[in-house]
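Me: I would like to learn how to read a few features of a model. Please take them one at a time.

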Amino acid sequence: MYQFAPLIILFPLVGFLINGLLGRKIKNETIVGGIGTIAVAASFVIGLGIFFEMLSRPIEERSQVVTVFEWISAGTLSVNVAYQVDQLSILMTLIVTGVGSLIHLYSIGYMHGDAGFWRFFTYLNLFIFAMLNLVLADNYLLMFLGWEGVGLCSYLLIGFWYDRNFEKGTTGDAAKKAFIVNRIGDFGFLLAMFLIFNTFGSLAYESVFAQAKGFSVGDNVMFWITLLMFVGATGKSAQIPLYIWLPDAMAGPTPVSALIHAATMVTAGIYMVARSSILFALAPGTMEIVAVIGLATAFFAGTIGLVQNDIKKVLAYSTVSQLGYMFLACGVGAFAAGLFHVMTHAFFKALLFLGSGAVIHAMHDEQDIQKMGGLQKYMPWTFRTFLIGSFAISGFPLLSGFFSKDEILWKAFADGAPWMWVIAALAAGVTAFYMFRLVSLTFLGKERFDHHHIHPHEAPKTMLIPLLVLALLSVIGGYVGIPHVLGGHNYFEEFLEPIFAGANSKMMLPMHDSAALELGLMAGSVAIGLLGMFAGWKIYTQKIEVAEHTAKKFSGLHKLLWNKYFVDEIYDAGIVNPIKQTSDRFLWKIFDVKVIDNTLNYSAKFIEATSNIFRRIQTGVVQSYAIVFVAGILVMLGYLMGR
Amino acid sequence: MFCCGVLGVVVRRNAIVIFMSIELMLNAVNLSLVAFSSFLGDSTGQMLVFFVMVVAAAEAAIGLAIIIALFRNKQTVYVDEINILKW
Amino acid sequence: MTFEQGVFYFLAIVTVVSAVMMLLQRNPVNSALYLILNFFCLGGLYLTLNAQFIAMVHIMVYAGAIMVLFLFVIMLLNLGDDKSLRQHLGLRMYLGIAFSVGLFLELLYILGFSSANNYTQQSPTAVEMGTVEYIGKILFTKFLFPFEITSFLLLAAIIGAVMLAKKKIIQ
């Protein structure tokens, strides 16, 4: 089956081409949507086939490179379009195509009636194509191609409703912000690639990782390579300092938020870090930075989400926060745990976003939760699935989020430092609190919306089925990674072990034997989570006055949080505006006009001046020419004389 | 004689005199050709002189025709007044 | 000094003097007359070099035909005297004089100091080479082709001259 791997990439590309070129002509929405969905679903099926074959192979043979064609061959640089099919990439492929096809199905219902229906599915398929290139590539350059491709599709999809206003600008502004901030990160990635090529002489994973084994831990070059790669990751996966684009990205349609900004694109950074695990293992300095930034982002974004009133914004900050957890895991060396959380997060975050999309759809594009409430009785199934998702993200015992988050917390304590556990657990509590605040304000309590104009109804079947599937996955998805201490077998970690073998050998993590400590910490985090859930539910359903009272009492803090710590304004004042001013005043008015234009003008004038001198040779008088003849004869004779 | 001819071409303004200087140059060459032919015992020189004379005659005819045509248009034979091909 | 040498020197001096005088005349008719004198002397020089045929042809063609043509044109155009040369001594004039003098000096150098054979004696066959029969024989055997070509040349010259001198036909 392995040789069919290129087909996984091909199907979405074909879907993109068909919808892109003919979509406008095909008036039937079902066909356009169907083509898009089937393309991704077909990729999922092939991925599944490869997965099962992989399981049947012995461990040493599970990783294989399928080459399609030679792409670049220039001097010492040789890059192929080749796909590395191994445990990590097949895991990501299944996540991307599985969740992706569900979201495609959902979009058929959500985007019904939209004028740009075919455009939507075109971009979605292009996105899946790029994302699959990213995760399946066997070298950094092809990954970069996918990296840029998903950035482009993100731009196209965020600004999909290009004629709408969004906050202080238009959706186009939000899309531009996403793209530009991403670019800053990409620059870091690019520099890292240059360094990699310089150090290892190749960009292909197999070659780089094999050579990396010969390096020693703490190597300076490794530090810079991994640091620059992490800069790229912060851009794509919305960590501090480049997370600012993700909340603005909510300007796009909800399926876009679900697919790109929850389940797949933002996980690209984590995939990159996990793939290059051996390089990171060789640079403990960077690992520390990764862990600290992940932790800080998790807590930071969680606090902002506490006071937001837009349903999608809450979920956006929640995504940023959960991504912080994943980076924390990678930073302390628990790459498998980070990827476990990627998988479970894809399930429940996509579920939450799609659920919120159903709510927005039913409320006629109203997104402010202060204007919702009591929707439970109008949309029972949406409510139930949304509740399951909220439980999962808050780490309710035995749901998928519990297993993945808990493993991260344990590893943060054991392989990182105890203070990391404390802050991470607090962030988990905050997560639980704001999720249940969201649930309470949206679905429970008093109905605060205008009954005359808004008639909420249950979502149509095409939208409900993905919700149900994802809810199911959110529940059972954790059972592949039950930790030892609870008596289970961590299949997930075992499956991915060969990928991280190189990194593990370099890291030399301490062995953990105390089951009691682990159980104790688990109990502690569960307790914090339950407390958060209960508090959120109780306050926002029954005692809203407590919330309002607290907000007034800490009005300064509330204002700070509500304005997102003024980070956007700081960036604007510190970076964006100075650049604009410099460009305007200096680069344009002085450099462009005076230097560049004048160079051209004066070179023309110079030529004119010299030719003015030379044209006087043409006197028009024959005798002058005769004189020149004679002069020439003189010269020639002189030359002949001299010989 | 040759150098006299060159001097004439360069210095005089009258087109006809210039032409006569050209004839002077041609004749100078003729003279040297005949001299060499005589001293070397080769008759090629005299043959060449013969042909040079033919050419000179033809060229004199044409040249004078041109000067007449020029005179008809510009009413002058002084070459430094015929400078339309100036910059 | 032998008779031949004396004749040669006399003719040579007159040739050069007349050439120089031709340059310096203000009246173009005077210039033409000096040129005719020059041609006669040249003819004499040809005779001393045993080129009889050439000498005769020279006198007939040049002094007889071409100079007559020149004089016709001068009379036709009815030119007055030229202005004195001293009146327009410009850069052009200086340059021209300088170059010509330079040329003269160079040629002197080449002819005088080069390692050429010294020609003091005329070749013994020179006498019979100059005769009409001999030249005619060579002309029609060795140099036949150029001879025929020159007829074309003359044809072209005649047509050209006629075309140039025609008055424009006004329809």
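**Burial, charge pairs and an interface**

Reply: Arg57(A) counts as buried because its relative accessibility is 19%, where buried means under 20% relative accessible area, exposed over 50% and partly exposed in between (1.4 Å probe, protein chains only). This is a predicted model, in which local features need pLDDT of at least 70, side-chain atom pairs count only at pLDDT 80 or more, and totals for chains, interfaces and linings use all residues. Residues are numbered from 1 along each chain as its sequence is written, chains are lettered from A and ligands numbered from 1 in the order in which they are written, and side-chain values use heavy atoms, with hydrogens and water left out.

Me: With which residue does Arg57(A) form a salt bridge?

Reply: Side chains of opposite charge can pair when their charged atoms come close. The criterion is a side-chain nitrogen of Lys or Arg within 4 Å of a carboxyl oxygen of Asp or Glu. Here the partner of Arg57(A) is Glu53(A), with the closest N and O atoms 3.0 Å apart. Over all chains the count is seven salt bridges.

Me: Which residues are linked with Arg183(A) in a network of salt bridges?

Reply: The network joins Arg183(A) with Glu148(A) and Asp186(A). Between Glu148(A) and Arg183(A) the closest N and O atoms are 2.7 Å apart. That pair links distant parts of the chain, 35 residues apart: Glu148(A) lies in helix α5 (residues 140–158) of chain A and Arg183(A) in helix α6 (residues 171–200) of chain A. Helices here are DSSP runs (H or I, at least four residues), numbered from the N terminus. Arg183(A) is partly exposed, at 41% relative accessible area.

Me: Is Asp248(A) buried or exposed, and what does Asp248(A) pair with?

Reply: Asp248(A) is buried, at 12% relative accessibility. Its salt bridge is with Lys177(A), at 3.3 Å between the closest N and O atoms. Helix α9 (residues 245–248) of chain A holds Asp248(A), while Lys177(A) is in helix α6 of chain A, 71 residues apart.

Me: How should I read the interface between chain B and chain A?

Reply: The size of an interface is often given as the accessible area lost when the parts come together. For chain B and chain A the buried area (accessible area lost, 1.4 Å probe, summed over both) is about 950 Å², and carbon and sulfur atoms give 64% of it. Helix α1 (residues 2–11) of chain B gives the most to the side of chain B that touches chain A, with four residues. In contact (heavy atoms within 4.5 Å) are 14 residues of chain B and ten residues of chain A. Between these chains the count of salt bridges is zero.

Terms used
Buried area = accessible area lost by both parts, 1.4 Å probe. Helix = DSSP H or I, 4+ residues; strand = E, 2+ residues; numbered from the N terminus.
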